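Please walk through the model below one region at a time.

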Amino acid sequence: MKPVLRGRADAVGHVLAVLKKVARTGQGAVVFVRGEPGIGKTALLDTLVGQASGQGFTISRAKAEELQQIAPMAPLLAALRFGSRPLLSAEAFADLAPLYRQQLWLVDRLAGMLEEHAMRSPLLVAVDDVQWADRLSVFALRTLPVRLAGVPVVWILSSRTDPGGTADELQDVVRGSVPVEAVELGPLTASDVALVARDRLGVAPDERLLRLLEGANGVPYLAVELIDAIARNAGDAPAGAASADQGLPASLPGSLPGSFVAGLRGRLNALPEDVRRFLSVGAVLGQSFRVEDAAALLGGASTEDLIQRLEQAVRAGVLDAGQERVAFRHDLVRQAVYADVPRPIRTLLHRDAAELLLSAGGDPVEAAPHLLASAVKNDRGAVDILRRAAAAVRTLAPATAADLVVAAFALLSRGDTVWPRVGEDAVTLLGKAHRPREAMELGEDILETLPGHDDIGRIQGRLAWVLWGLARPDEMRERIETALELDGLSAETHRRLLGLQALALSHGDDMVRAAQVGERALKEGADGADETAEALARRALAEIALNDGHVRTALGHFAALRSAGRSLDLDEIVAQLFVDAYESARRLILLSRRSADDEGVSSQIPDLLFAQALYDFRLGRLDEADAGLVALSELGDGLEHYAQRAGKVIMARIALHRGDVRAARAYCGAVSWDTTDPRTQPRQVIMWARLLTAEGNPEGAVDLLLRHRVLDHPRAGFRWAERAAGIPDWVMDVTDAAAASGRHDIAVRAARLARRYAENNPDVVSFRGLAEQAEGMATDNIDLLRQGLASLRSHPRRLLEAGAAERVGQALLRHGDRTEAAELLDSAWNTFQDLGASGDARRIQYTMQAAGFRRRQWNSASARPVSGWQALTTMERRVARLVGEGRSNRSAATELTLSPNTVAAHLRAIFRKLEVSSRVQLVHKLMEEDRRPD
């Protein structure tokens, strides 16, 4: 008979209500169960899983384990393989294997699988002890509940009480996007503990036992341990009459770990020595373990001996036996047994466990925790294994890989021959894990004692790459040039340092020297058949060409990189957009998306989302661009991808086009930058200047531009994140601010820069048109403004054309030509209104009203509603219809040539506007809309 869960009726009822609501509405939810060790979290999950199964939920369940924290996705994948009919079939599980090294793509595929299953029947995904979850599982648990908010998936995550820990982090992230419920488990009441005793003993406990149970402090696990100890010692005697202190520790297990360890020791001491050794080995192996692994560590005990030891451990209430593994009855038991093993013995057992797991080609990731617990200084074997484990997870979990290599490096002495290379790996991985401060500190420490110049050159190169990621090209250049002066550099190190030097010089003022260094690096890379050096040189030359305004030259280098088999470089797509090659950019985005989908290259997901959004933005598709950028921002806050930062700048521009200054300021504020640093990235400065102009403070905008010397150093800092809105597009931001503030000298300087880009790219219509517009604004020359408008009218960027028409119209008004001014301003108003740029349309309306014009269309034109069917954009309507037909996000994305992430972002916007929370409710809304008379 299954035991009754006492004292948790409210908690069970609360969660069951959540399950019923999810099943009824189709909207997902997350339940967080928290409590101290032994408080009954697992028992509550047992009950909830049983109830959910009875309600038709498909169950996925797993438990995170402390020793598996470096195994990427271990608990979540185990949950999806739970039970006799797992959610993830063996075939589907095998299909995911190639993606284990690509975290974004793996989570993306899991989201698709879970979504498609939930569209057929509701799901419950339960993860116990989430405080032990690995980094990738935490990333997935931050992302998946939000992505799947519109389908019936309930996530139940239990954890120990740990303010600011993993559970709190997850709750903070998902709250607001999906319903969240929190269940805090406290101690049982004395009456509930008494009921537990009656359930387990068969009779009501007497007063002596009740007084004894008070020492459990309402902790269910400790109470049960005490009750079961009494039952074991009482034999056939009436339980209530049993000697309360027979076989029990002198002090009650009211505090942990000391008294509980002492109590357990009393029970273990009653077991034969061979059973105690079996338990000690098991505690080292983990919360659960295979009997054959324990046998191997015990020196190959016979099957009969193992069965006997296991049976005695189970009878003693220490272990539970499963089908494939045995497990300690509770984490507290395992921890107590582990704590009672002398440290020297623990160290030896961990080393034996590592060697066992590595035998016959075992996984170094499984062995790594045991090595971390047992390795000693100068343990080369442990170093090698930790490096292998790091290599296995470096793409999927770079932060974990960095931790492993740093630990390996700490085991080595400075005189060890592999010390420099392991240090180089550590610096590299810390950089990949977005831990630049640690990377720089470690690198500097290594450089102090490196004996060989080639090793110094390699480390300097790694640190230079970290500085590139930090947008500190001057420091990067100084470091590289110091390294290049060293004697004894290998040819490989020299040519790679040259490529890095060219990259650093691309952000300086001497583009001639930068190009010369880049060409030399390219030649040395080709001569040495060094593909890495050659690609680095090509990348530097492309950067140099872009920063010098020669976009076509840059495209040639990008094409060479692609023909050499290099994956997508976002700069190539951006460069295609700069030169108005929209069809080429579109094809490249589609090809890159298919290639990334086939190969599971998750690092390209942010780039592809940004590229598509930028493509849409430049063509005036504000709604589509905004949805793509929302999807990009929602990939996961912990990702911190540079495309996300650049995306916020574009979102600010979209908000200004729509007239939402408050939102634009919020997006600008989300992109961190140091306003006191003269090397601040100009794109962000210019975005703030545009915002200040929109807020009616053009003088403040010009002051900001001058303070940061944006026009004094036109090349400095123009990486693609700053070029994202387009060069020379931003020149119009400067000229608009300068003209509005009366600073025509600033406008002239900006116009000269625009003209330089037009001359460097004579076949780019938009460059020519913008240069003519900038010069017209700087000199108040209507003819130049007209020429710019004429150039842009042959261009697909309707926002640019409308802006040009507005400038000509305003100039004509100033010069007294009201008739043509009205025609041009009306045209610009219509275009802005058609594109959803309501803020731009209102600006024109205010200008015309001030000039005495009145238009009937102003009265009939209204802002798009914020809710209801009419609030949906054209793309949102298409997404809604496809989802209403039963399409999954991935299926709809294929139909619309979008990414599943973008479809998910559209779907969340649809839910918000239609005031629904699930696909089920969306279908009902669609049916209502279809029944509505035309």
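In this predicted model, an open sheet is built from 3 strands in the order β6-β8-β7, with antiparallel pairing. β6 (288-289) and β7 (319-321) stand at the edges of the sheet, and each has a single partner strand, so one side of each is left without a neighbour in the sheet. The pairing of β7 with β8 (residues 326-328) is antiparallel and rests on 3 bridges. Within this pairing, A321 has V326 in β8 as its bridge partner.

Helix α12 covers residues 273-285, and helix α15 covers residues 331-339. The two pack at an angle of about 110°, and their axes are 9 Å apart. Angles of 65 to 115 degrees count as roughly perpendicular, and α12 and α15 are therefore roughly perpendicular to each other. The crossing in which α12 passes α15 is left-handed. On the α12 side the contact involves L279, S280, A283 and V284, which meet R334, V337 and Y338 in α15. Sorted by class, this contact of α12 with α15 has 5 nonpolar residues, 1 polar residue and 1 charged residue.

α12 also packs against helix α16, which spans residues 343-358. Here the angle is about 65°, and the axes lie 10 Å apart. α12 and α16 are therefore roughly perpendicular to each other. What is the handedness of the crossing of α12 and α16? The crossing of these two helices is right-handed. From α12, the residues S280, V281, V284 and L285 meet L349, H350 and A353 in α16. By class, the contact of α12 with α16 comprises 5 nonpolar and 2 polar residues, with no charged residues.

The protein has 48 helices and 8 strands. How many residues does the protein have, and what percentage of them count as buried? There are 934 residues, of which 57% count as buried. Among the contacts in the protein with a separation of 6 or more, 67% are between residues 24 or more positions apart.

Strand β1 (residues 29-35) gives a clear case of burial. Of its 7 residues, 7 are buried, so β1 is largely enclosed by the rest of the structure. In a regular strand the side chains alternate between the two faces of the sheet. In β1, A29, V31, V33 and G35 point one way, V30, F32 and R34 point the other way, and all are buried. β1 runs parallel to strand β4 (residues 153-160), to which 7 bridges join it. In that pairing, V33 stands opposite S158 in β4. β1 is also joined by 5 bridges to strand β5 (residues 180-184), and these two strands run parallel as well. R34 stands opposite E184 in β5.

L590 is placed in helix α29 (residues 582-599). Is L590 buried or exposed? Buried means under 20% relative accessible area, and L590, at 16% relative accessibility, therefore counts as buried. L590 and L608 are separated by 18 residues in sequence, and their C-alpha atoms are 9.0 Å apart in space.

D780 is not a glycine, yet it has a positive phi of about 55°. D780 lies in the loop between α39 (765-779) and α40 (782-792). With a relative accessible area of 33%, D780 is partly exposed. E915, again a residue other than glycine, has a positive phi near 60°. Where is E915 found? E915 is in the loop between α47 (900-914) and α48 (919-931). The relative accessible area of E915 is 64%, and exposed means over 50%, so E915 counts as exposed.

Methods
Residues are numbered from 1 along each chain as its sequence is written. This is a predicted model: local features need pLDDT of at least 70, side-chain atom pairs count only at pLDDT 80 or more; totals for chains, interfaces and linings use all residues. Side-chain values use heavy atoms; hydrogens and water are left out. Two strands pair if DSSP finds at least two bridges between them. Helices (H or I, at least four residues) and strands (E, at least two) are DSSP runs, numbered from the N terminus. Axes are lines fitted to C-alpha atoms, for helices over the stretch in contact, and angles run from 0 to 180 degrees between N-to-C directions. Angles under 35 degrees count as roughly parallel, over 145 as roughly antiparallel, 65 to 115 as roughly perpendicular and the rest as oblique. A crossing is left-handed if the near helix is turned anticlockwise from the far one by less than a right angle, and right-handed if clockwise. Contact means heavy atoms within 4.5 Å. Ala, Val, Leu, Ile, Met, Phe, Trp, Tyr, Cys and Pro count as nonpolar, Asp, Glu, Lys and Arg as charged, and the others, Gly among them, as polar. Buried means under 20% relative accessible area, exposed over 50%, partly exposed in between (1.4 Å probe, protein chains only).
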